[in-house]
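These are my notebook entries on a structure that I examined element by element. I record what I looked up, in the order in which I looked it up.

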Amino acid sequence: MNSRHKAHEYAVALAEASLTIGAIRLSPEKPFLWASGYHMPIYNDNRMLLSSWESRNLVASAFRLMLEEEDGFDIIAGTATAGIPHATTLADLLRLPLVYVRSSSKGHGMGNRIEGIASPDDLAAKRLVLVEDLISTGGSSIAALNALRECGAEVPLCLAIFSYGLDKAADAFSTLDPACRCHPILDYNTLIDVARRRGDIDSEEEKQLRSWRSDPFGWGEKNGFPPKKGE
């Protein structure tokens, strides 16, 4: 079995697990209000995957497969907080050091932004892979990546559990120099394919969910759910 086929198997298994336990919820008729104030027909909470060792192992095994054809890495880096447990499991599988990146530097103690090192110099010239739980617009992932690069680390790859596949994220990653590739285990189209096959959504809901991808920040208002920004 080639690695591409195996990667697809992992994606399908992850979609099924996420839909079953509610880590991913689909609801075009009663969309979710995101923190941005926009109504969206999908909600993702990968923290639900922590509830079983099987789900954690599935994520880590998929990540390990994705690294098999890559050049070696010195350190696994997780984003705080949701990326930390999955980065930890992957680091254990690969027997590699682990660090994690805070969303901002601590306001006390040593004022660290990156935890797991004595000094930022410890990352200089080291090759890291960044582990994220979800890629939405890509902003938080790129902020973590830049924090690592400011320490002199090489970060050519970001792994994620799931990505909405928004153009905004692709555009954000495309501006990075040097480049950093972003590889999710599960992509949006595979998720919708699996949800339709399982009967989680009907044909009309599938149509709505696929149309969301073409205009995610305008979808809600077009369907009678105007944004609630600033409230």
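Predicted model: local features only at pLDDT ≥ 70, side-chain atom pairs only at ≥ 80, totals over all residues.

I took helices (H or I, at least four residues) and strands (E, at least two) as DSSP runs, numbered from the N terminus. Residues are numbered from 1 along each chain as its sequence is written, and side-chain values use heavy atoms, with hydrogens and water left out.

**Entry 1: backbone exceptions**

I began with the loops. A125 lies in the loop between β7 and β8. A125 has a positive phi of about 65 degrees although it is not a glycine. I counted a residue as buried under 20% relative accessible area, exposed over 50% and partly exposed in between (1.4 Å probe, protein chains only). At 67% relative accessibility, A125 is exposed.

R95, in the loop between α3 and β6, also is not a glycine and has a positive phi, of about 55 degrees. R95 is exposed, with a relative accessible area of 77%.

I then looked up the cis peptide bonds. The bond from A80 to T81 is cis, with omega near 0 degrees, and T81 is found in the loop between β5 and α3 (84-94). The bond from D177 to P178 is cis as well, with omega near 5 degrees; P178 sits in the loop between α5 (167-174) and β10. I noted these cases because most residues other than glycine have a negative phi, and most peptide bonds are trans.

**Entry 2: the sheet**

I treated two strands as paired if DSSP finds at least two bridges between them. An open sheet of six strands has the order β7-β6-β5-β8-β9-β10, with mixed pairing. Its edge strands are β7 (114-115) and β10 (181-187), each of which pairs on one side only.

How many bridges join β8 to strand β9? I found seven, and the two strands run parallel. V129 has L157 as its bridge partner in β9. From β8 the chain crosses through helix α4 (residues 139-149) to β9, and this β-α-β crossover is right-handed (with the strands pointing away from the viewer, the path from the first strand over the helix to the second runs clockwise).

Strand β5 (residues 75-79) is joined to β8 by four bridges, again in parallel, and I76 stands opposite V129 in β8. β5 also pairs with strand β6 (residues 98-101) in the parallel sense over four bridges; there the bridge partner of I76 is L98.

Why is strand β8 largely enclosed by the rest of the structure? Nine of the nine residues of β8 (residues 127-135) are buried, so I recorded the strand as largely enclosed.

**Entry 3: helix α4 and its cover**

In α4 I listed S141, I142, A144, L145, A147, L148 and R149 as buried. With contact taken as heavy atoms within 4.5 Å, the cover of these buried residues includes β5, β6, β7, β8, β9 and α5.

**Entry 4: pockets and cavity**

I worked on a 1 Å grid over the protein atoms alone: a cavity is a set of points where a 1.4 Å probe fits but cannot get out, a pocket is an open set with protein on both sides within 12 Å along at least five of seven lines, and lining residues have an atom within 4 Å of a point. Grid points are joined across faces, edges and corners, and a volume is the space filled by probe spheres set on the points.

The largest pocket holds about 630 Å³ of space. I counted 31 lining residues, of which E132, D133, L134, S136 and S140 lie nearest its centre. The elements that give two or more residues to this lining are β4 (42-44), β8 and α4, and α4 supplies the largest share, five residues.

The second largest pocket has a volume of about 380 Å³. Of its 15 lining residues, S3, R4, A7, M66 and H183 lie nearest its centre. Helix α1 (3-21), helix α2 (53-67) and β10 each give two or more residues to the lining, and the largest share, six residues, comes from α1.

Finally, I found one cavity of 30 Å³ or more. About 40 Å³ of space lies in the largest cavity, and the largest share of its lining, three residues, comes from helix α8 (residues 219-222).
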